[in-house]
Amino acid sequence: MKTDLTDTTASKINKALVKGRRAIGTPAVGMVLTLVIVTDEENAYDALKAANDASREHPSRTIVVIKRVSRSPRDRTKSRLDAEVRVGADAGTGETIVLRLYGEVVDHAQSVVLPLLLPDAPVVVWWPVNAPLDPASDPLGALGQRRVTDTYASEQPVRDLEARSGTYTPGDTDLSWTRITPWRSMLAAALDQVVCEVKGVEVEGEEFNPSCELLAMWLADRLDVPVKRSLSSGPGLTAVRMATDCGPIVLDRADGSLATLSIEGQPDRSVALKRRETAELIAEELRRLDPDDTYASALRFGVGRLNAGIAEQVRAEEPAASAPVEAAPAEAEAEAAEPAPAPARKAAKKAPAKKAAAK
């Protein structure tokens with residue numbers, strides 16, 4: 001059942017919800033949380049479809065907040081709230097409220113959403129696109145126990161990761177982090193099968209994919225080894241190679257669905273690592289509403305430290321490589337003590353002039 005309300009209020013929306021539940025014969029509210037989706041008109045359909053699919057696992061009241069852009073200065077001074085109220089088959093297993101805000105009310109969206117939240121139930125705020133760099137300080141983000149963003153939809157994912165590492169607040173999470181859950185599980189299981197020390201790691205994936213950066217930061221943070229980030233044509237993450245003192249461990253996924261796990265001394269195994277839909281990702285995030293400390297630790301490691309560890313290791317090895325060169329002066333003195341042939345003596349006389357010219 002769908003009810004359209006034009007130039008309405010939060011009170012009228014609540015009345016329409018009660019009327020709709022009674023009309024379909026389900027007056028009781030059996031939802032476990034409120035999911036607030038902040039998006040634009042272009043991405044509203046896909047986000048709402050993903051939320052409806054996820055509601056089969058997590059029955060919830062979904063509130064979609066669409067901030068409409070006013071074209072003229074006169075329209076910007078006029079506040080208006082339009083709403084769609086969906087219950088029953090049109091709203092998955094919960095309830096859906098689509099809010100369209102016009103004019104000055106756009107800057108006070110939290111005042112519209114607050115009366116529509118389920119009482120005594122957790123609130124999750126999700127930005128499919130155009131997420132703030134500090135979700136916890138956003139007026140709508142302040143309403144939620146969990147705040148879900150997606151840096152994959154950002155124009156500059158690496159910059160956003162760096163910014164969010166400084167503004168992280170317990171409860172923040174990222175769907176780019178959720179995408180690598182199967183990779184993290186598989187790599188942890190692979191390391192449990194061997195007794196080896198990891199010397200270095202290489203994470204390979206397409207450019208501008210924040211999931212690759214987050215996986216690299218997680219490995220660098222947990223293993224405390226240099227991690228190199230290399231590029232490929234994708235799709236997404238394509239390979240992780242770990243160098244250990246027992247031989248290499250490689251998890252390679254070239255086609256985006258089936259991966260091959262190779263461990264030294266063991267037969268290669270095929271594992272399913274398909275790229276998941278947004279509905280699966282948001283459903284996973286709704287399973288836990290406590291702060292994700294592992295994500296926070298990986299995020300705070302910092303993107304800039306990934307290849308910096310490789311550079312520091314190279315610099316540390318340079319003195320050892322140049323040690324034999326230090327013995328050259330002693331050998332030169334021993335050779336100078338012996339009488340040199342005439343051509344050599346002539347070359348020795350010309351050497352100081354060449355050094356002076358070089359200076």
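This short talk walks through a predicted model, from its sheet to its helices, one aspartate and its cysteines.

First, the ground rules. The model is predicted, so local features need pLDDT of at least 70 and side-chain atom pairs count only at pLDDT 80 or more, while totals for chains, interfaces and linings use all residues. Residues are numbered from 1 along each chain as its sequence is written, and side-chain values use heavy atoms, with hydrogens and water left out.

Now the sheet. Helices (H or I, at least four residues) and strands (E, at least two) are DSSP runs, numbered from the N terminus. Two strands pair if DSSP finds at least two bridges between them. Eight strands form an open sheet with mixed pairing, in the order S1-S4-S5-S3-S2-S6-S7-S8. From one strand to the next, the twist averages 15 degrees. S1 and S4 run antiparallel, joined by four bridges. Asp-4 has Glu-84 in S4 as its bridge partner.

Next, helices. Contact means heavy atoms within 4.5 Å. Angles run from 0 to 180 degrees between N-to-C directions, with axes as lines fitted to C-alpha atoms, for helices over the stretch in contact. Helix H1 (residues 10-24) packs on the sheet and touches S1, S3, S4 and S5. Its direction makes about 15 degrees with that of S4. H9 lies across S2, S6, S7 (146-149) and S8, at about 145 degrees to S6.

Look at Asp-82, in strand S4 (residues 80-87). Is Asp-82 buried or exposed? Buried means under 20% relative accessible area, exposed over 50%, partly exposed in between (1.4 Å probe, protein chains only). Asp-82 has 12%, so it is buried. Its contacts beyond four places in sequence include Leu-5, Asp-7 and Tyr-102.

Last, the cysteines. A disulfide is a covalent bond between the sulfur atoms of two cysteines; here the cut-off is a pair of sulfur atoms within 2.5 Å. The whole structure has one disulfide. Which residues does it join? Cys-196 and Cys-246, with S to S at 2.1 Å. Cys-196 sits in the loop between helix H7 (181-192) and strand S9 (198-205), and Cys-246 in the loop between strands S11 (237-244) and S12 (249-252), so the pair ties together parts 50 residues apart in sequence. The link is left-handed, with -115 degrees about the S-S bond. Cys-196 is partly exposed at 26%, and Cys-246 is partly exposed at 39%. Cys-212 is buried, at 0%.
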